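I opened the model today and went through its fold, its cores and its charge pairs. My notes are below.

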Amino acid sequence: MTDLYSTPRDRRPVPSLQVAASAGIAEAERTVVLALRLDAPETVLDTALRMARFEKAALRVVVFSSDSPAGPLDNDPAQITELVDALSSAGVEFEVLRAEADVASQVIDLAEGWTAELIVISTRRRSAVMKLLLGSSVQRVILEASCPVVVVK
């Protein structure tokens, strides 16, 4: 007899957020988290790499194109390939993750889950009205993260 009142089992697999990773990422003992907006200046990635080397840590990168809930979640594959190539040649262990709908929560959860040494995040100028309507992922990460946060302009 079929039980119509119990919760249906979802048999679909949950897709992985991981886009790419270096071979030794699983053995990394320390972590630096980077929230990388694809239109951010190169100094953001450079700063994160410098911090990861200084901390002797792996770099776990959450890549997003917009921190607006209404913005697109898809990233340009060519930009992701370019990022992976840059990380591969930088000499640090790395993992690249695609963003979920709530980038700030994902970054905070990732940092807490890996007991990150620090978070590197970029900021951009927004009007007061846009901050009021959309909120600020950067502000949320700064206020809610349990580790230091480096904001790169």
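These entries run from the overall fold to single residues.

**Ground rules.** I worked with a predicted model, where local features need pLDDT of at least 70, side-chain atom pairs count only at pLDDT 80 or more, and totals for chains, interfaces and linings use all residues. I numbered residues from 1 along each chain as its sequence is written, and side-chain values use heavy atoms, with hydrogens and water left out.

**Fold.** I found five helices and six strands in the chain. These are DSSP runs, numbered from the N terminus: helices are H or I, at least four residues, and strands are E, at least two. Along the sequence I read β-β-α-β-α-β-α-β-α-α-β. I looked up burial next (buried is under 20% relative accessible area, exposed over 50%, partly exposed in between; 1.4 Å probe, protein chains only). Of the 153 residues, 43% are buried.

**Cores.** I then searched for nonpolar cores, meaning sets of buried Ala, Val, Leu, Ile, Met, Phe, Trp, Tyr and Cys residues joined through side-chain atoms within 4.5 Å. The largest has 26 residues, and Leu34, Leu59, Val61, Leu83 and Leu87 have the most contacts inside it. Elements giving two or more residues to this core include β2 (31-37), α1 (42-55) and β3 (58-64). Another core, of 19 residues, lies apart from it, with Ala104, Val107, Ile119 and Val141 among its members.

I checked contacts (heavy atoms within 4.5 Å). Leaving out residues up to four places away in sequence, Val61 touches Leu34, Leu36, Leu83, Leu87, Glu95, Val96 and Leu97. With the same exclusion, Thr47 touches Val150 and Val152. Thr47 sits in helix α1 and is buried, at 11% relative accessible area.

**Salt bridges.** I counted six in the whole structure. The criterion is a side-chain nitrogen of Lys or Arg within 4 Å of a carboxyl oxygen of Asp or Glu. Glu55 pairs with Arg30, the closest N and O atoms being 2.6 Å apart. Glu55 lies in helix α1 and Arg30 in the loop between β1 (18-21) and β2, so the pair ties together parts 25 residues apart in sequence. Glu55 counts as buried at 18%, while Arg30 is partly exposed at 33%.

Which side chain meets arginine 140 at 3.0 Å, N to O? I found aspartate 102 there. Arg140 is in helix α5 and Asp102 in the loop between β4 and α3 (103-113), so this pair ties together parts 38 residues apart in sequence. Arg140 also bridges to Glu144, with closest N and O atoms 3.3 Å apart. These two are four residues apart in helix α5, so about one helical turn separates them.
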